[in-house]
Amino acid sequence: MTIAIRRAVPGECEALSALALRSKAHWGYDANFLAACRAELTVEPDDIQHLRVTVAEESGEIVGFYALGGGAPEGELFFFFVEPARIGTGIGTRLWQDCRATAARIGLSRIRIESDPFAEGFYTGMGATRVGDAQSQSIPERRLPLLSFDMGEVPIELCPAEDLASDIDAVLADLRRELAVLAPGVEVEHIGATAMPDGLTKGDVDVNLRVDADRFDQVVAALSTRFDVAQSQNWTETYASFSDTCRGVPLGIQMTVEGSEDDFLLTLRDLMRADPELRHQYDAIKEANAPAGRDAYWRAKDDFLRRLRNR
């Protein structure tokens, strides 16, 4: 049978919650234990909206699902369950591969996992490392294995930007509608690989919001109420970044003060748009380094863009 991987929809919350409870019961936990865990194992509509909840489906039946949350640099695995009768048939591996690819697409450096003790072997078999213990959210005296999966060497999957054109247009239109209310007057400038007339992307979309210095803090505060802070260690007095990983195409927002040292993103975009040879060189660098994983990929891209900026 063919396994299809797709995003969950709000109407599936009850079915996903029931699957999670059945999957937990597979390990022999008694009725009192499962009752204590019920709230933690319940998938709410808010989870569908704010996490990347993904299902494995076979012949129209959901046979597993996971939920990935958080933002760069660290994500968190909130749910990961397989239908008990299908445990050990490869569905968990398929879901993990998709989770890993999603994490790479949204720029995560690592994934935090609070594991059931019976599932720890699965995660370590997939490459996660135990880093400590965590307090159970359901049973106060219970400790859970805490694991971390390093994304540094996970291959980056690239695709032609044109394949995502309709999804990207929808995300940009939706963002402009939101910002018209959240930060009136701020223009959304489409940047990055998907803003080029051709080329390769890892499957996300980036925008640049440029504001006057006297409005920067106000707009940062407004965006903080709606979007996840991204890479806060790189923030300056004239640069801030946010992300939204729950849309059809993950969104990165780079905010800069006009005329500042950080305000170079549009210049790079326009240089690339005007020069097909530059785009070809950039794509060649991406293709050469994507198999080596996130760290090598980002270093190579950063080196190319720095040289382009300084030439």
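Student: Into which classes do the residues lining the largest cavity divide?
Tutor: Five are nonpolar, one is polar and four are charged. The model is predicted: local features need pLDDT of at least 70, side-chain atom pairs count only at pLDDT 80 or more, and totals for chains, interfaces and linings use all residues. Numbering runs from 1 along each chain as its sequence is written, and side-chain values use heavy atoms, with hydrogens and water left out.

Student: Which residues line the largest cavity?
Tutor: Ala193, Met196, Asp198, Gly199, Leu200, Met272, Arg279, Tyr282, Asp283 and Lys286.

Student: What makes a space a cavity and not a pocket?
Tutor: On a 1 Å grid over the protein atoms alone, a cavity is a set of points where a 1.4 Å probe fits but cannot get out. A pocket is an open set with protein on both sides within 12 Å along at least five of seven lines. In either case, lining residues have an atom within 4 Å of a point.

Student: How many cavities of 30 Å³ or more are there?
Tutor: One. The largest cavity holds about 40 Å³. A volume is the space filled by probe spheres set on the points, which are joined across faces, edges and corners.

Student: Which element gives the largest share of the lining of the largest cavity?
Tutor: α9, with four residues. Helices (H or I, at least four residues) and strands (E, at least two) are DSSP runs, numbered from the N terminus.

Student: Why is α8 called roughly perpendicular to α9?
Tutor: Two packed helices are described by the angle between their axes and the distance between the axes. The axes of α8 and α9 cross at roughly 105° and come within 5 Å. Perpendicular here means 65 to 115 degrees; under 35 is roughly parallel, over 145 roughly antiparallel, and the rest oblique. Therefore α8 is roughly perpendicular to α9. Axes are lines fitted to C-alpha atoms, for helices over the stretch in contact, with angles from 0 to 180 degrees between N-to-C directions.

Student: Which residues of α8 and α9 meet?
Tutor: Leu271, Met272, Arg273 and Ala274 in α8 meet Pro276, Leu278, Arg279 and Tyr282 in α9. Contact means heavy atoms within 4.5 Å. The contact has six nonpolar, no polar and two charged residues.

Student: What is the volume of the largest pocket, and which residues are closest to its centre?
Tutor: About 1500 Å³. Of its 48 lining residues, Tyr239, Gln254, Leu265, Trp298 and Leu305 are closest to the centre. The largest share, eight residues, comes from α10. By class, the lining has 21 nonpolar, 15 polar and twelve charged residues.

Student: And what of the second largest pocket: its volume and its lining?
Tutor: Its volume is about 780 Å³. It has 36 lining residues, and Phe80, Phe81, Asp116, Ala119 and Tyr123 are closest to its centre. β4 gives the largest share, seven residues. The classes here are 18 nonpolar, ten polar and eight charged.

Student: How do you know whether threonine 256 is buried or exposed?
Tutor: Buried means under 20% relative accessible area, exposed over 50%, partly exposed in between (1.4 Å probe, protein chains only). Threonine 256 has 0%, so it is buried. It sits in strand β14. Among its contacts beyond four places in sequence are Asn208, Tyr239 and Leu265.

Student: Why is serine 59 classed as it is by relative accessible area?
Tutor: Its value is 63%, so serine 59 is exposed. Serine 59 is in the loop between β2 and β3. Its phi is near 50°, a positive value in a residue other than glycine.

Student: What does relative accessibility say of glutamine 231?
Tutor: At 19%, glutamine 231 counts as buried. It lies in the loop between β12 and β13.

Student: Where is isoleucine 62, and is it buried or exposed?
Tutor: Isoleucine 62 is in strand β3. At 14% relative accessible area, it is buried. Its contacts beyond four places in sequence include Arg6, Leu16, Val55 and Glu83.

How values were computed:
Ala, Val, Leu, Ile, Met, Phe, Trp, Tyr, Cys and Pro count as nonpolar, Asp, Glu, Lys and Arg as charged, and the others, Gly among them, as polar.
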